[in-house]
Amino acid sequence: MATTAKKPINFEWEGTDRKGNKIKGAMTAETAALVKAQLRKQGINASKVKKPAFSIGGGAKKKKITPFDIAIFVRQLATMMKAGVPLIQSFDIVADGLENPTLRELVIDIKNDVAAGNNFAGALKKHPQHFDDLFVNLVDSGEKSGALETMLDRVATYMEKTETLKKKVKKAMTYPISVLVVAMIVTAILLLKVVPQFENMFSGFGAELPAFTQMIIGISRWLQEWWLIVLAAIVGIGYAFSQAKARSEAFRDGFDRALLKMPIVGNIIDKSSVARFSRVLSTTFAAGVPLVDALDSVAGATGNVVYRNAVNTIRDEVASGTQLQFSMKQTGVFPTMAVQMVAIGEESGALDTMLDKVAEHFEEEVDNLVDNMTTLMEPIIMSVLGVLVGGLIIGMYLPIFQMGKVV
């Protein structure tokens, strides 16, 4: 009777090496006995072998792997390989130092694929949720050219810069929105819970209330009667927006165009798209990817439909023999500085270097714009909070002040 092979499990182990030094690590195997046997072959005396909490069947919820986690993994792997450590051993060293257990499990899975004879790019391709086509193609180019450590270093730099840029843009858009949402919630609580208490107190005054106080009480009464419908409408609008953005390409495109026209935020998104275009094109072109193929990868990485369409147009024109800088100028969406730097790069044969400088310039501009916007928004937000909350407090205390004057 044939036996069914057990599914490999990622075990954590502790032990001592030949010199008696305490070491620990992780290894994927079918049983703990196999882990101990493998460690003995490596001269390690295992004192403890256990299933980690994140193992399959462990019952614990897996921690999400973020793009920043992937960037850390690539950076550490590039550092190990530049130091002359073999790829397989680099995987073990990097996995042992990772704090995210889910990422550690992913790295060990990739290591096992590579150790089984697959190439690194092929192993990455099995995890498309973490490594996109651009990432896989760059690693593949590095393997084929024999400069994997250099390519990993470039990919790590690209990911770190891109994710930092995304974080800054997200901060620029979410900070004022989140503060205003909190202000609206506080205002709603005051209208629903605090104002009715003042209204009950004012009912015994026997005098006409100031117009401002009457207006606030009227808003409070209306909100008490319709708050459930208002809440449902807000939730419904939010859900409809998210669904329309997820399912309708026309809606997403229209939203992207509208964002570019917004004051301050539009300028930040505009410059961040130029920075992404330059960063991705610089990385792919430096990897030896032909310009037309590189532009294919760039189009989806710009993050905005206006620039995506512009890059697709540039790709078609470059494929027909037009210079990159002329095609960029014809689209009318790229800044003059970026076009001129690309022209210098094409003429000097250092296009990847010039694109890298363009990316650094616009990334720095985005950083400055976000800092400036945050500085400008703080007094505006404080003014809005003062008007909303302060206005309610003044409206509620006006009758008390008037009564004090009468007395």
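Visitor: In the salt bridge of glutamate 363 with arginine 279, are glutamate 363 and arginine 279 buried or exposed?

Guide: Glutamate 363 is buried, and arginine 279 is buried too, where buried means under 20% relative accessible area, exposed over 50%, and partly exposed in between, with a 1.4 Å probe and protein chains only. Before going on, please keep in mind that this is a predicted model, in which local features need pLDDT of at least 70 and side-chain atom pairs count only at pLDDT 80 or more, while totals for chains, interfaces and linings use all residues. Residues are numbered from 1 along each chain as its sequence is written, and side-chain values use heavy atoms, with hydrogens and water left out.

The closest N and O atoms of glutamate 363 and arginine 279 are 2.9 Å apart, and the two form a salt bridge, a term for a side-chain nitrogen of Lys or Arg within 4 Å of a carboxyl oxygen of Asp or Glu. Because glutamate 363 belongs to helix H15 (residues 351-406) and arginine 279 to helix H10 (residues 265-286), their pairing ties together parts that are 84 residues apart in sequence. The helices named here (H or I, at least four residues), like the strands (E, at least two), are DSSP runs numbered from the N terminus. In general, side chains of opposite charge can pair when their charged atoms come close.

The whole structure holds 10 salt bridges. One of them joins the side chains of arginine 75 and aspartate 153, at 2.5 Å from N to O; since arginine 75 lies in helix H2 (residues 67-82) and aspartate 153 in helix H7, this pair ties together parts that are 78 residues apart in sequence. Both partners are partly exposed, arginine 75 with a relative accessible area of 22% and aspartate 153 with 23%. Aspartate 153 also meets lysine 82 in a salt bridge, at 3.6 Å from N to O, and because lysine 82 lies in helix H2 while aspartate 153 lies in helix H7, this second pair ties together parts that are 71 residues apart in sequence. Lysine 82, at 52% relative accessibility, counts as exposed. Salt bridges that share partners join Arg75, Lys82, Asp153 and Glu160 into one network.

Helix H7 covers residues 148-202 and also contains isoleucine 177, which is exposed, with a relative accessible area of 52%. Together with Val181, Ile185 and Ile189, Ile177 forms a nonpolar patch on the surface, and the four have about 360 Å² of accessible area together. Such patches are made of residues with over 30% relative accessible area and no salt bridge, like charges being joined within 9 Å and nonpolar side chains (Val, Leu, Ile, Met, Phe, Trp, Tyr) within 5 Å; the areas come from the Shrake-Rupley method with a 1.4 Å probe, and for residues only the protein chains shown count as cover.

As for confidence, the mean pLDDT of the protein chain is 81, and 92% of its residues reach 70 or more, pLDDT being the predictor's confidence in each residue, from 0 to 100.
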